[in-house]
Amino acid sequence: LVVGPSGRGKSTTAVALARAGLTLYADDVALICPDTLRPFAFPRPVKLNAASRAMLRAHGLRVPDRVR
């Protein structure tokens, strides 16, 4: 779970981690089951601005411009 104020790089970090093999469950909203601590995800497109895309490209991660 990555928590922080808007514009701090949470989505960029999540995409980089997903590209590295971890599972991305949700962007913005995920509920956690108190019994199992598993997420209930509500999938939606991850939003990356131009600066985030450029930073990911600099690390060899390609995110198509038309894909969110």
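The quantity pLDDT is the predictor's confidence in each residue, on a scale from 0 to 100. The structure shown is a predicted model, and its chain has a mean pLDDT of 79, with 84% of the residues reaching 70 or more. Confidence is highest in helix H1, residues 10–19, at a mean of 85, and lowest in strand S2, residues 39–41, at 75. Where pLDDT is low, the predicted coordinates should not be read in detail.

The chain contains two helices and two strands, arranged along the sequence in the pattern α-β-β-α. Of its 68 residues, 19% are buried. The accessible surface amounts to about 5,400 Å², and carbon and sulfur atoms contribute 58% of that area. Among contacts with a separation of 6 or more, 28% join residues 24 or more positions apart.

The interior may be considered next. Six residues form the largest nonpolar core: Val15, Val46, Leu48, Leu56, Leu61 and Val63. Leu48 illustrates how parts of the sequence meet there. Apart from its neighbours within four places in sequence, Leu48 is in contact with Ser11, Thr12, Val15, Arg53, Leu56 and Val63.

Helix H2, which spans residues 50–58, has Ser52, Arg53 and Leu56 among its buried positions. These three residues lie on the same side of H2, because they cover an arc of only 100° around the axis. An α-helix has 3.6 residues a turn, so residues three or four places apart point the same way. The cover over the buried residues of H2 includes H1. Ala50, Ala51 and Ala58, on the other side of H2, are exposed.

Both ends of H2 have features to examine. At its start, a side-chain oxygen of Asn49 comes to within 3.2 Å of the backbone nitrogen of Ala51. After H2 comes Gly60, which has a positive phi, near 85°.

A positive phi also occurs at Leu37, where the angle is about 60° although the residue is not a glycine. Most residues other than glycine have a negative phi. Leu37 is located in the loop between strand S1, residues 30–32, and S2. Is this leucine buried or exposed? Exposed means a relative accessible area over 50%, and Leu37 counts as exposed because its relative accessibility is 62%.

Definitions and conventions
Residues are numbered from 1 along each chain as its sequence is written. This is a predicted model: local features need pLDDT of at least 70, side-chain atom pairs count only at pLDDT 80 or more; totals for chains, interfaces and linings use all residues. Side-chain values use heavy atoms; hydrogens and water are left out. Helices (H or I, at least four residues) and strands (E, at least two) are DSSP runs, numbered from the N terminus. Buried means under 20% relative accessible area, exposed over 50%, partly exposed in between (1.4 Å probe, protein chains only). Contact means heavy atoms within 4.5 Å. Accessible areas come from the Shrake-Rupley method with a 1.4 Å probe; for residues, only the protein chains shown count as cover. A nonpolar core is a set of buried Ala, Val, Leu, Ile, Met, Phe, Trp, Tyr and Cys residues joined through side-chain atoms within 4.5 Å. The arc is that of the directions from the helix axis to the C-beta atoms. A polar contact is a pair of N or O atoms within 3.5 Å; within protein, one must be able to donate a hydrogen and the other to accept it, and residues adjacent in sequence count only if both atoms are side-chain atoms.
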